[in-house]
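Please open the structure in your viewer and keep the selection tool at hand. We will go from one selection to the next and say what is there.

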Amino acid sequence: MNSIAHDAQFDAGASGQEFARVEFRAMGNDVDIILVDAPRRTLEAMQMRILQLHERWTRFDSSSELMKINNYPGHDVVVSQDTIELVECMIAGFEISNGF
């Protein structure tokens, strides 16, 4: 897992508001979190959550929940509540869009 907010930037803006920002990679994308006047621990919690989902859903790790589903079609696979909710949303989107 990536280091959590180790390279975060904290700065006071001209208005006196504190800005916190961290950039990292997750799910094949650049992630950029910017917070204004939020507790610093919020930045770390947000980054940890995104990285947690990345570990569950990455296709680059054979032990991820996504890869377990892909590698055992037609079999029961134990997954997290996050993955169950993701699949439910995907099914709903498929149904609403008639498969598009």
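Two residues are said to be in contact when they have heavy atoms within 4.5 Å. This is a predicted model, in which local features need pLDDT of at least 70 and side-chain atom pairs count only at pLDDT 80 or more, while totals for chains, interfaces and linings use all residues. Residues are numbered from 1 along each chain as its sequence is written, and side-chain values use heavy atoms, with hydrogens and water left out.

Select S62 to begin. Leaving aside the neighbours within four places in sequence, S62 touches M67, K68 and N71. Its place is in the loop that lies between α1 (40-57) and α2 (65-71), where helices (H or I, at least four residues) and strands (E, at least two) are DSSP runs numbered from the N terminus. Is S62 buried or exposed? S62 counts as exposed because its relative accessibility is 60%; exposed means over 50% relative accessible area, buried under 20%, and partly exposed in between, with a 1.4 Å probe and protein chains only.

Next, select α1, in which L43, Q47, L51, L53 and R56 are buried. The 18 residues of α1 should span 26 Å at 1.5 Å a residue, and its end C-alpha atoms are 27 Å apart, which agrees; the expected span is 1.5 Å times one less than the number of residues.

Finally, show the whole protein, which has three helices and three strands, running β-β-β-α-α-α from the N terminus on. Of its 100 residues, 22% count as buried.
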